[in-house]
Amino acid sequence: MKSNKQRRQEIKAQRLRRIVKKTRAVNARPVDRPIGTVAVTPLLLRRNNSYGIPDFVQRGCYQDRPFRCKDCGVEEIWTAAQQRWWYEVAQGDVWTVAVRCRACRQRERARKVEARRIHREGLAAKSMGREHEDHPSAND
Ligand SMILES: [Zn+2]
């Protein structure tokens, strides 16, 4: 014979299980997610060796995220769709977030491309100089 206390606990546990099940079902239906969110597909995320779980993975959805550009200070929103693209398509690290506005991001990318080009040209010039030293008669 079960005590009343036991019975109450069982009912409570059962109710909890039902709520969890219902919540999962709701999360599985995109229509019921609040506006400005996109579902996370954990399998598509880049592997990381950290023990922690990022907020968006725990929540199960990406959420529009306002931020201030670290270069020009403008306020912009990193949208849920952009986040999904960054983490699941571009395979961005799950602990990285947007810090630059779109314009500054493009400027920064162009700056990096240019820096790499200059670096490569520098290396090429150096190796050509070496060749020149090695074969002084080649260009005489
Ligand atoms: Zn900016």
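Which residues are linked in a network of salt bridges? The legends below answer this and describe further close-up views. The model is predicted, so local features need pLDDT of at least 70 and side-chain atom pairs count only at pLDDT 80 or more, while totals for chains, interfaces and linings use all residues. Residues are numbered from 1 along each chain as its sequence is written, and side-chain values use heavy atoms, with hydrogens and water left out.

**View 1. Salt-bridge network of D71, R100, E108 and R111.** The network links D71, R100, E108 and R111; a salt bridge is a side-chain nitrogen of Lys or Arg within 4 Å of a carboxyl oxygen of Asp or Glu. E108 meets R100 at 4.0 Å, N to O, and pairs with R111 with the closest N and O atoms 3.0 Å apart. E108 and R111 are three residues apart in helix 4, which separates them by about one helical turn. R100 is buried at 17% relative accessibility, as is E108 at 15%, whereas R111 is partly exposed at 48%. Buried denotes under 20% relative accessible area, exposed over 50%, and partly exposed the range in between (1.4 Å probe, protein chains only).

**View 2. Zinc site with four cysteine donors.** The SG atoms of C69, C72, C101 and C104 coordinate the zinc ion at 2.2 to 2.4 Å. Donors are N, O and S atoms within 2.8 Å of the metal (3.2 Å for Na, K and Ca); water is not among the atoms, so sites may look incomplete. The angles among the four donor atoms are 102 to 116°, and the site is tetrahedral, a label that requires all angles of four donors to lie between 85 and 135 degrees. Along the chain, the donors follow the spacing C-x2-C-x28-C-x2-C. C72 belongs to the loop between strand 3 (65-68) and strand 4 (75-78), and C101 to the loop between helix 3 and helix 4 (102-134), so this pair ties together parts that are 29 residues apart in sequence. Helices (H or I, at least four residues) and strands (E, at least two) are DSSP runs, numbered from the N terminus. C72 is partly exposed at 46% relative accessibility, while C101 is buried at 5%.

**View 3. Helix 3 with W85 and the E88–R84 salt bridge.** Helix 3 spans residues 80-89 and contains W85. On the surface, W85, W86 and V89 form a nonpolar patch with about 320 Å² of accessible area together. Patch members have over 30% relative accessible area and no salt bridge; nonpolar side chains (Val, Leu, Ile, Met, Phe, Trp, Tyr) are joined within 5 Å, and like charges within 9 Å. Accessible areas come from the Shrake-Rupley method with a 1.4 Å probe, and for residues only the protein chains shown count as cover. The side chains of E88 and R84 meet in a salt bridge of 3.4 Å, N to O. E88 is buried at 7% relative accessibility, whereas R84 is partly exposed at 32%.

**View 4. Loop residues Q91 and T41.** Q91, in the loop between helix 3 and helix 4, has a positive phi of about 60° although it is not a glycine. T41 occupies the loop between strand 1 (37-39) and helix 2 (55-59).

How values were computed: Four donors count as tetrahedral if all angles lie between 85 and 135 degrees; four count as square planar and six as octahedral if opposite donors are over 155 degrees apart and all others between 65 and 115; anything else is irregular.
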